[in-house]
Amino acid sequence: MTLEEVVGCDITDKKMETVSQALEELLVAAQRQDCLTVGVYESAKLMNVDPDSVVLCILATDEEDEDDIALQIHFTLLQAFCCENDINILRVSGLRRLAQVLEEPSTVENNNSEPRDFHCILVSQNPQCQPLKCQALKEVGNYCDESRCKNQWVPYLSLQER
């Protein structure tokens, strides 16, 4: 391994960690302002009705979801729609971490209702609220832009449990 490869790996790891933290901050801020849409079907409905309001699409899977053909078909369609409508898109792993960040109650506390589907999350600009302007949104957007410049059209992040 060359020095450039070692230094490059370290910089990439730090960048990924920074973007992961920014994504978590963005999700919390968007949830507070009621600018999140959670669930594959709910997201598809919003994008059909008001695609201009969507600023980020997050597609989340874990290893056990890789064999779910229906989910992969939905992801392919959502990715195509996002690319066509110039919506930033991000693939992440760590559904449990997403549930923690968005404060999803555990199944013991939440035995009456079904858990939310975190496979697809949209961050949108809600016209009734203040525009969602935060440094975290800029950082995640910059990461998506940089990835596209490197011909990686759907960047990937791994959310680490804490």
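This is a friendly dialogue on reading a predicted model of a protein chain.

Reader: Where should I begin: how many helices and strands does the protein chain have, and in what order do the elements run?

Author: The protein chain has 5 helices and 5 strands. From the N terminus on, they run α-β-α-β-α-β-α-β-α-β.

Reader: How much of the protein chain counts as buried?

Author: Buried means under 20% relative accessible area. Here 43% of the 162 residues count as buried. The accessible surface of the chain comes to about 9900 Å², and carbon and sulfur atoms hold 51% of that.

Reader: And what share of the contacts joins residues 24 or more positions apart?

Author: Take the contacts with a separation of 6 or more: residues 24 or more positions apart account for 81% of them.

Reader: Could we look at one helix? Which residues of helix H2 are buried?

Author: Helix H2 covers residues 40–49, and its buried residues are Val40, Ser43 and Met47. Seen down the axis of H2, these residues fall within an arc of 65°, so they line one face of the helix.

Reader: What do the buried residues of H2 pack against, and what does the face turned away carry?

Author: The buried residues pack against strands S1 (36–38), S2 (54–61) and S4 (120–124), and also against H3. On the face turned away from the buried side you will find the exposed residues Tyr41, Lys45, Asn48 and Val49.

Reader: Which residues is leucine 59 in contact with, leaving aside its neighbours within four places in sequence?

Author: Contact means heavy atoms within 4.5 Å. By that rule, the contacts of leucine 59 beyond those neighbours are Phe75, Leu78, Gln79, Ile89, Leu90, Arg91, Val92, His119 and Cys120. For a sense of distance, take histidine 74: it is 15 residues from leucine 59 in sequence, and their C-alpha atoms are 9.9 Å apart in space.

Reader: Now for charges. How many salt bridges are there?

Author: Side chains of opposite charge can pair when their charged atoms come close. The count here comes to 2 salt bridges. One of them joins glutamate 24 and arginine 97, with 2.8 Å from N to O. Glutamate 24 lies in helix H1 (residues 3–32) and arginine 97 in helix H4 (residues 95–101), so this pair ties together parts that are 73 residues apart in sequence.

Reader: Are glutamate 24 and arginine 97 buried or exposed?

Author: Glutamate 24 is buried, at 7% relative accessible area, and arginine 97 is buried too, at 11%.

Reader: Where does the salt bridge of arginine 148 and aspartate 145 lie?

Author: Both residues lie in helix H5 (residues 135–149), 3 residues apart, which is about one turn of the helix. The closest N and O atoms of arginine 148 and aspartate 145 are 2.4 Å apart. Aspartate 145 counts as partly exposed, at 37% relative accessibility.

Reader: Lastly, which residues form a nonpolar patch on the surface?

Author: Ile69, Ile73 and Leu77 form one, and together they have about 320 Å² of accessible area. Leucine 77 is found in helix H3 (residues 69–84). Exposed means over 50% relative accessible area, and leucine 77 counts as exposed at 57%.

Terms used
Residues are numbered from 1 along each chain as its sequence is written. This is a predicted model: local features need pLDDT of at least 70, side-chain atom pairs count only at pLDDT 80 or more; totals for chains, interfaces and linings use all residues. Side-chain values use heavy atoms; hydrogens and water are left out. Helices (H or I, at least four residues) and strands (E, at least two) are DSSP runs, numbered from the N terminus. Buried means under 20% relative accessible area, exposed over 50%, partly exposed in between (1.4 Å probe, protein chains only). Accessible areas come from the Shrake-Rupley method with a 1.4 Å probe; for residues, only the protein chains shown count as cover. Patches are made of residues with over 30% relative accessible area and no salt bridge: like charges are joined within 9 Å, nonpolar side chains (Val, Leu, Ile, Met, Phe, Trp, Tyr) within 5 Å. A salt bridge is a side-chain nitrogen of Lys or Arg within 4 Å of a carboxyl oxygen of Asp or Glu. The arc is that of the directions from the helix axis to the C-beta atoms.
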